[in-house]
Amino acid sequence: MTGRAERIGLLALPGLSFLAVIYALPLFMLLLKSVQIDGQFSFAEYVAFFSDSYNLSVLWRTVRVALLTTGLALIIAYPTAIVMARAKGFWLSVFLVAMVLPMSVGVVVKAFAWTILFRTRGVLNDTLMSLGITDAPIRMLFTETALIIGAANVFLPFMVLPIYAVLRQMDSRLPEAAASLGATPVFRFMNVTLPLSLPGVVAGCAFTFSLAISMYVIPSLIVGERQQTLSMLTARSFLYLRNEALGATISSILLLIAISVVLTSSWAANRLGARQ
Amino acid sequence: MAPPAPRDMGDSKYLDVNAVGKAFKGTSVMSGMDFRVGRGELVSLLGPSGCGKTTLLRIIAGLTTADSGEVLLDGRAITSAPAHKRNISVVFQSYALFPHLTVAENVAFGLRARGHAKTDCGPKVAEALALVRMSDFAERKVAALSGGQQQRVAVARALIVDPVLLLLDEPFSALDRKLRETMQVELKTLLRDRNMTAIFVTHDQDEAMGVSDRIAVMNAGQIEQFATPSELYARPASAFVMDFVGLSTRLNGEVIESTENRSTIRSAYGTVHAPGTFVPGTKVTIGVRPELVKTRAAENTLRVTLADAMVLGSKTQLHGRAEAGDRLLCEVPGMNSDYAPGDTVTFGWDVADSLVYETGT
Ligand SMILES: Nc1ncnc2c1ncn2[C@@H]1O[C@H](COP(=O)(O)OP(=O)(O)O)[C@@H](O)[C@H]1O
Ligand SMILES: [Mg+2]
């Protein structure tokens, strides 16, 4: 049995070596670069990065935007996933296409489409004004709010699909059993559906947060250079400042945040899964 | 928990399902369904798979909405009450235990849903677990339990809330035969002691016979007969009920002559006599319970070639060679090895022991 299991494990070899060569190795080299100055081991680049208040504000903005994006995506995704989990046949296909198709429209195209929506004399402002909700147009483009809304939109499928997958697997008799035991819809949701869907929520949040903390194109297009994020700072270090050490340091910080999020969430998902 | 109350056989209409109809996507599952259960009665819904048993159960529980008709419980209409306001507990076929909760948390669920604090549930949970002999498993995860243990937890979880009615959808179907029989006796005793009104759904006639005061035999969304097990066996209301409840010798034939309450019928094995008056030419099905068929001449006598002789311990079953759709079956008491396949034997029974139905009913 073990022999067989081991041989089956060999199937993972191509994937693992692919990841090792294309992903782990270059990142490791980057990490090395961030702790080396003239061939000497040193944390000086990190000290320099963290003692600059501008860098700290960028770091905080990046984390804040990623958290808010994840939160917004979760709020929108959860009810969607519930509806999808109950949908059948035609409507299920509609939902799945609606989730997957937008991924094939590049972020650049989407971002330009949003400018039509969000700009000062854009569709949204015109509507708000004609409804009398505001008198003067609200500045939406180039704001953090627009960035969060845009990012949540782009990453929504990564939140919806894991939650949907977990809810879909859930035995529909469980909420019914809860109802027959006297549980109100709210009690059923809080004590049956929600706890059973948590592994999906954790996975969706990990995906979305990892994507949001490292996003580059969306903030570049929506808020531009004025409000930098860590990824934009990294790109600027490499491309304009030609400061590889700084770029490597920022990349490594991003990577560490992402790794800790993934590890924490897989630990959480395992714990939640073990309870079931 | 619930005070003892006198049991009746449906006269009180404790549960009164009145002219209920239900269709799924235009396909009618049942229409004009009437079904009455008395307080403290143990009733089975018996019928083949797909005949609408689960649907009826779900309508009573409030998990499926009826298209028409009404459901009354203890004189009050509950037709439009949501499931969580009915206080009707359900034991599902797959038990539907909450996988993220322990055994004790599963059992406590109904109390917590009623607003009891977690800490207050302890004594009642302990009592309910003791009732189903699962006290040692309180802190276990439900996935680690065997089928029989899961069923006990499901029963404890359903009973802890003192339901006004307990519904069980094929509760024994996931258990192996031996365990099934033990659990049936256990559960019946438990429900009796508490004077619980309960409806069992099953497609297994032995199970229905064993656990219930009365059995409603369902076929294609209709209740064909609702009677005590012995009444069902002795006087089935239709050929369907006769076939579904117990075995029988069964002959198809055509009435050639009929006088007052006695008909002569031509079958593939010769003419036989049966009670009842029919228009000559009527196609009928005759049934005789196998223990009423003797291996000697009687008012009706057939010469039968044996296809098989099965020694079953307390009885021996003789299967005669029969046309498609017919069955020739005789049971003699005890282990009897005088018979072998290929033997020619006499099957005999009295006219009064025959059941006759117009074919197609
Ligand atoms: N939710 C549903 N949607 C569509 N058809 C259903 C649904 N539930 C039951 N049916 C149909 O109704 C009929 C009766 O089903 P059911 O009550 O489950 O039968 P039973 O429990 O006697 O096996 C079956 O033909 C089944 O396919
Ligand atoms: Mg069923």
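Two strands count as paired here if DSSP finds at least two bridges between them. With that in mind, let's walk through this predicted model, starting in chain B, where strand S4 (residues 68–73) and S5(B) are joined by 2 bridges and run antiparallel. Within this pair, B:Leu73 stands opposite B:Arg76 of S5(B).

Step back from that pair and you will find an open sheet of 4 strands in chain B, ordered S2-S1-S4-S5 with antiparallel pairing. Its edges are strand S2 (27–37) and strand S5 (76–77), each of which pairs on one side only. Strands of a sheet pair through backbone hydrogen bonds, in either a parallel or an antiparallel way.

Now bring in helix H1 (residues 53–61) of chain B, which lies across strand S1 (15–24), S2 and S4. The helix runs at about 120° to S1(B).

That helix also leads us to ligand 1: H1(B) gives the most to the shell around ligand 1, with 3 residues. The residues surrounding ligand 1 include B:Phe24, B:Val29, B:Pro48 and B:Cys51, along with B:Lys53, B:Thr54 and B:Thr55. Sorted by class, the shell holds 4 nonpolar, 5 polar and 1 charged residues.

Which atoms of B:Lys53 approach an oxygen atom of ligand 1? A backbone N or O atom of B:Lys53 does, at 2.9 Å. For B:Thr54, a polar side-chain atom lies 2.6 Å from an oxygen atom of the ligand, while an N or O atom in the side chain of B:Thr55 is 2.5 Å from an oxygen atom of ligand 1. On its own, ligand 1 has 560 Å² of accessible area, and the protein covers 56% of it.

Terms used. Residues are numbered from 1 along each chain as its sequence is written. Chains are lettered from A and ligands numbered from 1 in the order in which they are written. This is a predicted model: local features need pLDDT of at least 70, side-chain atom pairs count only at pLDDT 80 or more; totals for chains, interfaces and linings use all residues. Side-chain values use heavy atoms; hydrogens and water are left out. Contact means heavy atoms within 4.5 Å. Axes are lines fitted to C-alpha atoms, for helices over the stretch in contact, and angles run from 0 to 180 degrees between N-to-C directions. A residue is near a molecule or strand if one of its heavy atoms lies within 4 Å of it. A polar contact is a pair of N or O atoms within 3.5 Å; within protein, one must be able to donate a hydrogen and the other to accept it, and residues adjacent in sequence count only if both atoms are side-chain atoms. Accessible areas come from the Shrake-Rupley method with a 1.4 Å probe; for residues, only the protein chains shown count as cover. Ala, Val, Leu, Ile, Met, Phe, Trp, Tyr, Cys and Pro count as nonpolar, Asp, Glu, Lys and Arg as charged, and the others, Gly among them, as polar.
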